[in-house]
Amino acid sequence: MPCRICHDLTVESPSDVLRLDNILFTGLQSSVLLGCQACFLIESGINSFKHVANIVDLDISSSVERHQEERLGERLLLRVTTRDINGDDTNLEFYSTDVRITHRWPLIPIASHISTDSSSPGCLHQARKWLDHCIQNHGLQLCRSGTRSKLPTRVIKVGDASTRPYLHESAPGETGCYATLSYCWGAARTFITTISSYSQRKTGFSIEELPKTCHDAVLVARALSIPNLWIDSLCILQDSTPDWEFEAANMCDIYENALVTFAAVDSPSSDSGLF
Ligand SMILES: [Zn+2]
Ligand SMILES: [Zn+2]
């Protein structure tokens with residue numbers, strides 16, 4: 001018996017499409033508990049998309065899409081639209097990197113058009129598109145994405161491929177657009193700013209001197225055309241108690257006023273990188 005919630009994500013013939021509307025999220029969750037692997041796949045996909053919360057119901061549909069590249073012909077696409085308690089929709093597309101998944105559920109194709117390298121120009125270009133969409137459509141209430149915020153006491157001017165980054169001391173009331181980095185330091189505290197290295201940092205440094213995660217954050221900021229970056233280890237004088245106390249008290253505002261935060265969630269130390 002096929003699952004009555006998800007129909008096992010199968011269609012009779014390749015030209016058919018799947019259309020399942022207004023599935024209660026609690027119904028999907030019950031089906032997962034009863035052992036439906038396709039429902040589990042859908043639920044995992046929704047849950048791994050972190051900011052989806054308070055979901056009431058969802059639609060599952062499939063379609064046949066033309067590849068942008070003509071020679072690749074057509075591909076199947078599985079779309080899940082979730083609705084939350086506020087009535088807001090989130091559209092998710094499902095792809096796999098595992099041929100066994102695609103073999104079992106042909107509606108979930110291999111994402112051959114999506115690079116597996118998140119540092120690739122294509123992925124960074126996509127990130128810039130998402131960020132532009134956020135700036136233009138989400139407004140202050142939804143995302144608080146400030147393109148002109150009060151700058152923290154110090155920021156790193158990331159520069160571009162032909163210039164060196166340097167530490168900039170903001171003028172009182174200076175505004176701008178900046179990104180923040182949220183990461184785990186790990187054991188190594190190699191390249192930081194101290195009272196004695198402060199003036200040196202302001203004259204600039206090589207991007208290669210930075211720990212890998214900070215190095216990658218500079219590259220991402222450049223790719224997203226964000227001129228300023230705030231990293232605690234470089235923007236707070238690490239051996240100054242008064243500076244630490246002052247900046248720690250402001251940290252909430254620093255993160256909140258950033259255009260975007262790069263979160264190195266899968267990176268156990270500052271040497272493991274952002275990608
Ligand atoms: Zn199911
Ligand atoms: Zn947004």
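A residue is called buried here if 20 or more other C-beta atoms lie within 10 Å of its own, exposed if 12 or fewer do, and partly exposed in between, with C-beta atoms placed from the backbone. The model is a predicted one, so to speak of a local feature takes a pLDDT of at least 70, side-chain atom pairs count only at pLDDT 80 or more, and totals for chains, interfaces and linings use all residues. Residues are numbered from 1 along each chain as its sequence is written, while chains are lettered from A and ligands numbered from 1 in the order in which they are written.

The chain splits into domain 1 (7-114) and domain 2 (122-263), with bounds that come from an automatic or database domain assignment. Taken over C-alpha atoms, the centres of domain 1 and domain 2 are 36 Å apart.

Back to leucine 9, which belongs to the segment before S1; strands are DSSP runs (E, at least two residues) and are numbered from the N terminus. Its phi is positive, near 55 degrees, even though the residue is not glycine. Most residues other than glycine have a negative phi. Histidine 7 shows a positive phi too, at about 55 degrees, and is no glycine either. Histidine 7 also falls in the segment before strand S1 (19-24), but it counts as partly exposed because it has 14 C-beta neighbours inside 10 Å.

Further along comes an open sheet of five strands, ordered S7-S6-S10-S9-S11 with mixed pairing. Two strands pair if DSSP finds at least two bridges between them. Strand S7 (166-169) and strand S11 (260-263) form the edges, each pairing on one side only. On average, neighbouring strands of this sheet are turned by 35 degrees against each other, direction ignored, the axes being lines fitted to C-alpha atoms. Within the sheet, strand S6 (residues 154-157) runs antiparallel to strand S10 (residues 228-230), and the two pair over two bridges. Lysine 157 has asparagine 228 of S10 as its bridge partner.

Strand S9 (residues 178-182) holds leucine 181. Leucine 181 counts as buried because it has 26 C-beta neighbours inside 10 Å. Leaving out residues up to four places away in sequence, leucine 181 touches Cys214, Ala217, Leu229, Ile231 and Phe262, where a contact means C-beta atoms, placed from the backbone, within 7 Å.

Conventions: Helices (H or I, at least four residues) and strands (E, at least two) are DSSP runs, numbered from the N terminus. Axes are lines fitted to C-alpha atoms, for helices over the stretch in contact, and angles run from 0 to 180 degrees between N-to-C directions. Two residues are in contact if their C-beta atoms, placed from the backbone, lie within 7 Å.
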